[in-house]
Amino acid sequence: MSKVTPISGFPEFLPSDRIVEQHFLDVIRETFELHGFASIETRAVEPVERLSNQGEDADKEIYAVRRLGAPADEKSDLGLHFDLTVPFARYVLENAGKLAFPFRRYQIQKVWRGERPQEGRYREFAQADIDIVGDGTLPFHYEVELPLVIADAFSKLPIPPFRIQVNNRQIPEGFYRGLGIEDVASVLRIVDKLDKIGPDKVTQLLTAEDGPALDAETAKQVLRLAEISSTDASFVEQVRALGVQHEILDEGLERLAAIMTAANEHAPGLLVADLKIARGLDYYTGTVYETQLIGHESYGSICSGGRYDSLASDGKTTYPGVGISIGVSRLITRLFSQGLVKGSRSTPTAVLVALNNEDERADAMRTAAALRARNIPVEVAPAAAKFGKQIKFADRRGIPFVWFTTENGAEVKDIRSGEQVAADPATWSPPAQDVRPSIETPQLETPQLETPQENS
């Protein structure tokens with residue numbers, strides 16, 4: 001057998017970390033459903049042509065799917081999806097006659113990108129998306145609603161404080177056109193890298209002969225716009241002070257101001273109007289979002305999205321939409337690496353039924369079944385070893401209780417405190433906080449534990 005070699009960029013969590021991941025996914029799913037989003041799942045592959053049309057560098061991130069035994073000159077026409085928005089747009093087109101609009105959907109799946117692996121940047125990772133799509137039109141108020149849904153989900157998770165940065169791509173587009181810039185898309189993509197490469201490098205790219213080739217003063221104006229941010233609608237006056245005029249700019253300012261006003265009514269301080277946010281994918285046409293953990297800004301966004309008006313169209317009808325995506329793998333990886341969260345145990349098991357000898361296994365299985373019938377996770381000891389060895393087995397896995405059969409009848413021991421009491425499988429229950437694993441937050445100010453299921 002050949003030596004097993006890890007493949008970078010494809011995370012695999014240990015059981016205790018997987019418990020944390022599942023908790024996050026459960027909370028996100030339940031919150032999405034609480035807001036009326038229906039679940040769908042799309043296939044893993046899409047036509048390469050459709051995937052590669054979503055941005056200048058999109059084709060560099062696509063994994064092509066090809067049969068191992070295919071002829072060497074056979075070109076692959078299928079690729080693994082790099083996000084969930086593009087396959088969702090195709091799904092809407094194929095099923096439009098069966099959907100009720102506006103269609104609210106959530107989707108939690110793996111995606112694949114040809115990234116250079118590093119912390120939080122994976123080749124395979126989980127995303128959790130919500131989108132609202134309209135038939136022909138989509139009211140603007142949904143662009144206000146989506147970040148509030150994300151805020152609701154995040155408020156239930158053990159994560160540091162966060163901020164949602166929001167912009168409207170009509171603002172930079174109108175501003176750039178007002179400056180006489182024609183290659184708006186290239187400038188947007190360069191400005192979107194501002195946090196990663198800094199203003200000096202952005203200026204070099206903006207003024208480069210093989211780039212947009214802006215003059216120095218125009219490049220300065222581009223950066224002045226990108227420096228503007230506010231927690232209310234005051235950004236409008238700051239943009240006006242730059243002296244640039246364009247009708248597209250006017251519309252973008254009006255829309256972003258409306259979002260900030262509404263957000264401050266429902267969740268004061270949650271949103272920050274940040275005019276450097278652009279998003280690199282070409283299908284975004286209006287509002288765009290990015291979310292950062294406060295104190296971890298250098299890590300980048302853990303949740304992003306925006307408005308798209310033309311991604312889904314069959315030539316007769318266009319289905320505009322707005323969506324936002326949580327990078328689940330990216331988020332929890334940061335929490336793990338910083339020691340901010342961990343699972344309280346590596347197994348869901350709350351009780352280990354010990355064995356005096358193998359002849360008792362049938363009785364032990366009946367005891368386990370009685371406890372499971374009341375939603376208490378149980379397993380029977382793998383072997384009838386000495387009790388000390390069986391207790392050590394439970395302790396290594398974080399199982400808090402061990403069930404014994406003694407001369408006085410059944411007893412259960414809390415191996416953390418050493419307390420041992422008589423027990424009846426028909427009535428005994430562990431404390432509510434021990435029924436399921438909890439999420440421990442050793443460095444967060446406000447620990448939030450998983451709510452255990454009630455026993456029936």
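Let me start with helix α7: the elements covering its buried residues include α6 (170-178), α8 (194-207) and α9 (216-226). Buried means under 20% relative accessible area, with exposed over 50% and partly exposed in between, using a 1.4 Å probe and protein chains only. Helices (H or I, at least four residues) and strands (E, at least two) are DSSP runs, numbered from the N terminus.

Some background on what you are looking at. This is a predicted model, in which local features need pLDDT of at least 70 and side-chain atom pairs count only at pLDDT 80 or more, while totals for chains, interfaces and linings use all residues. Residues are numbered from 1 along each chain as its sequence is written, and side-chain values use heavy atoms, leaving out hydrogens and water.

Back to α7, residues 184-191. Seven of its eight residues are buried, so the helix is largely enclosed by the rest of the structure. The buried ones are V184, S186, V187, L188, R189, I190 and V191.

Next, α8. What is buried here? L194, G198, V202 and L206 are. An α-helix has 3.6 residues a turn, so residues three or four places apart point the same way. Helix α8 has a kink of about 75°, centred on D200; the bend at a residue is the angle between axes fitted to the seven residues ending there and the seven starting there.

Now strand β7, residues 162-168. Six of its seven residues are buried, so β7 too is largely enclosed by the rest of the structure. Two strands pair if DSSP finds at least two bridges between them. β7 pairs with strand β10 (residues 287-293) in the antiparallel sense over seven bridges, and R163 stands opposite Q292 in β10. With strand β9 (residues 271-274), β7 runs parallel, joined by three bridges; there, I164 stands opposite L271.

Five strands form an open sheet with mixed pairing, in the order β15-β14-β16-β17-β18. Its edge strands, β15 (378-380) and β18 (420-422), each pair on one side only. Within the sheet, strand β16 (residues 401-406) and strand β17 (residues 409-414) run antiparallel and are joined by six bridges. F404 stands opposite E411 in β17.

How values were computed. Contact means heavy atoms within 4.5 Å.
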